[in-house]
Every structure is written in structure tokens, then in C-alpha cells.
Amino acid sequence: MTLEFLLTSLVIVASPGTGAIFTVAAGLSGGVRASLVTAFGCTLGILPHMLAAVSGLAAVLHASALAFQTLKYLGVAYLLFMAWAMFRDRSLLSLDAESCDRSVRQVIVSAILINLLNPKLSIFFFAFLPQFVGPDEPSPVGRMLELSLVFMALTFVVFSAYGAFAAAVRRHVIASASVQTWMRRGFSAAFAGLAAQLALAQR
């Protein structure tokens, strides 16, 4: 495990994206527990991409325009759905409900879908991981799995930190109905912007 890999992974994970925004939204709406559950779900959403990269399926995704476009537009549709649902939500948050109305299973499934329906993540693993696997590595698959697990651990830690911070300022958000309204509009716009960014993404 090199310092270069850890630093590069940390920069990539810490960069704001769909998973980070979803975790922050969960922290603001449901508190620390909700943010941790969401961070866990986003981390689980990396698993299929990791396995695709290790098994070589990412190469197929990279080579097949149809496969890439299909997965990409499924991701775009889901992000737009998230944006619309958040924009239409008119409920007010309260400190009495530390857990959201949604079940843990629903939160985890939504978080997994956020990362699962992003073909760029598979391409990222396909292009990123091999750079840290030497040509003389006796077990390249094992090495890629090891690096992937470290990347997932960093994802969970960083996303949990984002969510915990959001939960810490939750009381100030809840104190103002107008702040809640603008917060939801902001997250809705963020998801719509990420959908547009994904729609324009190229292999």
C-alpha cells in the first residue's frame, strides 16, 4: 500500500459527488444514524464496480457503447427522480424524529443505487486500480481486491464525516422553515446538475 494510492484515493473520495451529497442530505434530515446508514449504503454501492473491474467486466462496459449508454441513462433517470422527489417534499424536519420515516433498508437501497447506476465508477476502477498493481505482482487480482477494500473503507470514513457534520448543524437548519425549503431546493438542483453531468459523460 503506497502513500500515493492513499492520497489519490482520498482526493477522489472527498470530491463532492452523488454519494457525498446524498449522505449530507441524510445527515441533515435524519441525524447521525441516518448519515451512517447512508454512508454504508454508498460504500456497498462500490462493490459491483469493484467486482466488474477485477473480473474484466469494466472492459466490456468501456468497449460497448450500448452497455455504457444504457447504464448511464438509468443513472440519469434515477438522479432526476431523486431531484424531483426532493423538490416536491414539503415536510418539515423535527428533532423528535432522529430516524427518518424511511426504513434502514430503503435508505441503504437508495444509497446503493446512487453509486450502482454510475458507469463512470466502473471505468474509474478499470483505469485507476491497475496503475497501482505492478507488472511483477504475483497475485494481481488479490492486490486489486486489497486496494478496492481500502478505497471502500476511505469512502465510508469520509462520507460518515460529511454526514456527521451535516447532523451537527441540523438543529440550526430545523430552526428555520425557510432554510429547510432552500436546502431542499439546493439538494434538488445538485442532483439535477449531477444528472446533467452524467448525461454528458463520455466513455
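The legends below describe close-up views of a predicted model.

**View 1. The largest nonpolar core.** This core holds 29 residues. Phe125, Leu129 and Phe159 have the most contacts inside it. At least two residues of the core come from each of α1 (3-14), α2 (18-44), α3 (47-55), α5 (65-88), α6 (104-116), α7 (119-128) and α8 (140-168). With seven residues, α8 gives the most to this core.

**View 2. A nonpolar patch on the surface.** The patch is formed by Val32, Leu36, Phe40, Phe156 and Val157. Together these residues have about 400 Å² of accessible area. Helices α2 and α8 each supply at least two residues of the patch, and the largest share, three residues, comes from α2.

**View 3. Leu36 in helix α2.** Leu36 is a residue of helix α2 and belongs to the nonpolar patch on the surface. Leu36 counts as partly exposed because its relative accessibility is 36%, a value between the limits of 20% for buried and 50% for exposed.

**View 4. Confidence along the chain.** The chain has a mean pLDDT of 76, with 74% of its residues at 70 or more. Among the elements of the chain, α8 has the highest mean pLDDT (89) and helix α4 (residues 57-63) the lowest (57).

**View 5. Residues 92-101.** Over this stretch pLDDT stays under 50. The model has 25 contacts beyond four places in sequence for residues 92-101.

Methods
Residues numbered from 1 in each chain as written. Predicted model: local features only at pLDDT ≥ 70, side-chain atom pairs only at ≥ 80, totals over all residues. Heavy atoms only, no water. Core = buried A, V, L, I, M, F, W, Y, C linked by side-chain atoms within 4.5 Å. Buried < 20%, exposed > 50% of the residue type's maximum accessible area, 1.4 Å probe, protein only. Helix = DSSP H or I, 4+ residues; strand = E, 2+ residues; numbered from the N terminus. Patch = residues over 30% accessible without salt bridge, like charges linked within 9 Å, V, L, I, M, F, W, Y side chains within 5 Å. Areas by Shrake-Rupley, 256 points an atom, 1.4 Å probe, with all protein chains shown as cover. Salt bridge = Lys/Arg side-chain N within 4 Å of Asp/Glu carboxyl O. pLDDT = per-residue confidence, 0-100. Contact = heavy atoms within 4.5 Å.
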